[in-house]
Amino acid sequence: MFVKKRFLLQLALFIAVVALVSLSLQAQTFETIKSQVKVHVLKNGMKFIVLERHEAPVVSFHVYADVGSANESYGITGISHLLEHMAFKGTKIVGTKDYKAEAKILEEMDALYDQIKREEAKAKTNSEKIKEMEEKFETLRKNAKEYVATDEFVDMLMKEGDRGINAYTSTDATQYINSLPSNKLEYWMSMTSDRFLNPIFREFFKERDVVMEERRLGLETRPMGKLVEDFTAAAFKAHPYHHSVVGHMSDLEKITRKDVGDYFKKFYGPNNLTVGIVGDVKTEEVFKLAEIYFSRIPSGPKPEAVRTIEPEQWGERRVIVEAKSQPIVIMGYHCPDARHKDIRSLEAMANIIGQGRSSRLYEVLVKDKKVAVAAVSVSGFPGDKFSNLVVFYAVPSRGHTSAECLELIDEEIEKIKKESVTPEELTKFKRGEVKGILDQMKSNSRMAALLTYTDVVLGDWKLMFDQIEEIRAITAEDIKRVANKYLVKKHKTIGEIVYEK
Amino acid sequence: MKKQRTLLKLFFILCLLVFISGMSVFAQKSPKDKFIFPTLNPINMPKVETVKLKNGMKLFLVEDHEYPTIDMRAMVRVGSVFEPTAEIGLASITGSVLRTGGTTSMTGDEIDKELETMAASVSTGIGQTSGYIMVSVLKEDINRALEILADILMNPVFQEDKIRLAQIQQKTAISRRNDDIGGIAYREFDKIIYGKDSPYARHPEYVTIEAVTRDDIVGFYKKYFYPNNTTVAIWGDFEIKDMIARVKKNLEKWEAAKVEIPPLPKVSYEFKYTVNFIDKPDVNQSNILLGHIGGLMDNPDYPALSVMNSILSNERMFKKIRIDEGLAYSVWGRYGAGYQVPGAFSCGAQTKSESTVYAIELMLKELKKIREEDVTDEELAKAKDEYLNSFVFNFDSKAKVVNRLMTYDFFEYPLNFMEKVKKGIEKVSKKDVRRVAQKYLRPDKVQILVVGKKESFDKPLSTLGEVNVIDIKIPPLKSKKKK
């Protein structure tokens, strides 16, 4: 007992000191970095955010296209991600042995593909005709392949030492990343401006197959993947967060090269692209080169924003996924988008309830009752550009059920609505956030990602640094208020994996 | 005449263009133009200080004043390969309960709370042939974090309820280990390569987890956790002298002892061709792994093997099976090499059930090809350029540099090992690639594993050879009485 008391005293003292002093100390670090970030916008609307960091002679690039699966409509789900794959296929200059000859065959293929699809859609199909056309299509594909310099775009960058070449698609964005030795800044400018000026979606049909394999790999062969897809679909009945980023299989089977081309025209105008560049570069040189290389991309109208807003939920929803798997349970409540004033308090709430070994869910479900081996809550699911969910999920221990976990999670939710969180819990969140940002800033690539995300989704990159003030200002009262406002039974969706017999 | 006029017109247009857009038209380079890259700024090699404390603990320190944080990573000579066969899981439980099970002055839960409240993390764990300790903390909390760390390392009490918790977590993991097809494939492939009872492939069962007692855990900890068996890397916002003093103050009282590390179990491998299958009727994609035993990193052929790996994976498997055929999202082929224990040579792909056998045939074809024909000049140049031009990324953070040095030291590799590999790679020729492919790859003696739904396969697996069906049923703890 004596030990424990001393510990608590120490803790209280420690918290009183750090909560007051130290966050302002870190704030100075943030102010210094903030003053070094520079921004330049080209006439066509393309934005460059640059931070010089001379730790090592390397530089990271992050092209943030403000388009994700939430911009998709019925029939073309998964097209944002498919387009991301196609953006590695080269241009009129890169990836081809003779673009003119190649282009002719690609057009023939598109036309033939349309014919095949039209024939297949007929009430009474002529299977012989289809077979004939398919054979011709395969011949054309092989002819086109003769002109392809396979994977040349990636090869050229990797040859110059690109260790970070990759891309990601989410519900909200498509992001292209590179990391090069810093003397290759201009090379990146040349390659990347060509990439978004003259992309050629060659080898389209095989790449579509790859994406279908990716869907099988990430979603269809994984019980958790199936659960997340169905749970999200249930929680969003109208807003396009409804469908998964990878898209429906039947859409993937039918999306055409023209669909991708149209989608590119609509969403890859320079005013929809934001570039973060962090590393051993001179800001002035970056801006100069950006003008030279990227201002040639013609400007266009800003794409229309997503129209659909998720309507209010009328009652609890529940989905069940049957799979050959032990149980997993996930539960979510509707929450506002990342720009909403309540968002920081909601983050704090999710952190206090379910992040870390001293969080409430871990203490109760894992350590104390031992009904789960993991119990976590996170906000901003599946994205945060639009109104989204705060989710709670649990992995029941062997012999325990989802129902037991749900009941205990519900108890914790009721508790946080009634009682104030403790000062220790608030400090844990606040300091944790600061430490988290500092850790991200240690990597050029992650810093570039953070700057572009903050600028596009929150509306201003400066908020990345200013949020520290917002975080400091959160009170126990704020958390209680948002818990009562958003954790409403009517607005709850539950998804469970049940063992398939 | 006509030609001259055209030229004149062209000149005029060019002048106009220059006028309109400044120098930019001429400064712009097409991706395929010749680029002359400016000299790369020099790499600032961080100064790494090495110290040995009186109790034998070795420190590698480097200052990094960019952000106000401090990180540590320690490696301990211990491993699950040393746990008894009847208690598989003992090492893993010891590694986690060391941190979660409290000390003589604080309970595990109190430690959790205090660390998280100051945004610090301390974690411990034991892998196959090494243990780790990690600390990450805001600079101003380093003293308290070191106190807690010292307490955990010197005075752990391994509370019973946290042992039970770790056992529940292990048993839950066992009960879930056949839910994901990827997990099944990797686990069973290791057993095929190293042997199902090998310390490098075996895994816990309910009965081996139940067998673990607190005494066993304390005994395992007491056998290996000593300062003279521990190497530590520290990096962050501190002065080296000052940090050494702080570490000494907290950790020099940790008493050394004579530690007897058993020799690492030997890997014996017999090359043979086998076809293995695990039935998973609820999936529409097969998980394929094939290969045989690999080697060690200190092999003089390691640089040539690295170049071969790059060509086999990126040039051959990826281009053929993913790009040209669209058969898989991820596909690779690489000869694995470990510091002390031979790695595995493995090729892998996940493809729809209907192309399972076809994909395997293509993979085997690529393996044969790299042995039978020289790689092209372009492939060789690309693989070497990739490595050499991205070499600078090995120095892009001080954390990377200091951790690498510690790791080399821990595994008794020369501290300049990476530079030696680089020199080796510079010299690798087409002949070398062919030679190591012939010496180390045995496509006729690979062991193939397929996890998937056999009804949908393009051809029966038996077209590849006699099929050995692997049963992955989880052995129950006790035979259940019939109702």
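**Note on the predicted model: chain A and its contacts**

1. Start with the chain pairing. In chain A, 71 residues are in contact with 66 residues of chain B. This is a predicted model. Several elements of chain A each give two or more residues to the side that touches chain B: helix 1 (2–36), helix 5 (152–159), strand 5, helix 6 (185–197), helix 7 (204–220), helix 11 (283–294) and helix 15 (423–441). By class, that side of chain A divides into 30 charged, 24 nonpolar and 17 polar residues.

2. Now the chain itself. Chain A has 18 helices and 11 strands. Its C-alpha trace spans about 85 × 60 × 35 Å along the principal axes.

3. Packing comes next. Of the 501 residues of chain A, 51% count as buried. Take the contacts in chain A between residues at least 6 apart in sequence: 81% of them join residues at least 24 apart.

4. Chain A is divided into two parts: domain 1 (47–96 + 148–294) and domain 2 (312–499). Their C-alpha centres lie 28 Å apart.

5. How do the domains of chain A meet? Domain 1 puts 35 residues in contact with 29 residues of domain 2. On the domain 1 side, at least two residues each come from strand 2 (47–52), strand 3 (58–65), strand 5 (174–181), helix 8 (223–235) and strand 6 (273–279). Helix 8 of chain A supplies the largest share, 9 residues. The domain 1 side has 17 nonpolar, 13 polar and 5 charged residues.

Terms used:
Residues numbered from 1 in each chain as written. Chains lettered and ligands numbered in written order. Predicted model: local features only at pLDDT ≥ 70, side-chain atom pairs only at ≥ 80, totals over all residues. Domains from an automatic or database assignment. Contact = placed C-beta atoms within 7 Å. Helix = DSSP H or I, 4+ residues; strand = E, 2+ residues; numbered from the N terminus. Nonpolar A, V, L, I, M, F, W, Y, C, P; charged D, E, K, R; others polar. Buried ≥ 20, exposed ≤ 12 C-beta atoms within 10 Å, placed from the backbone.
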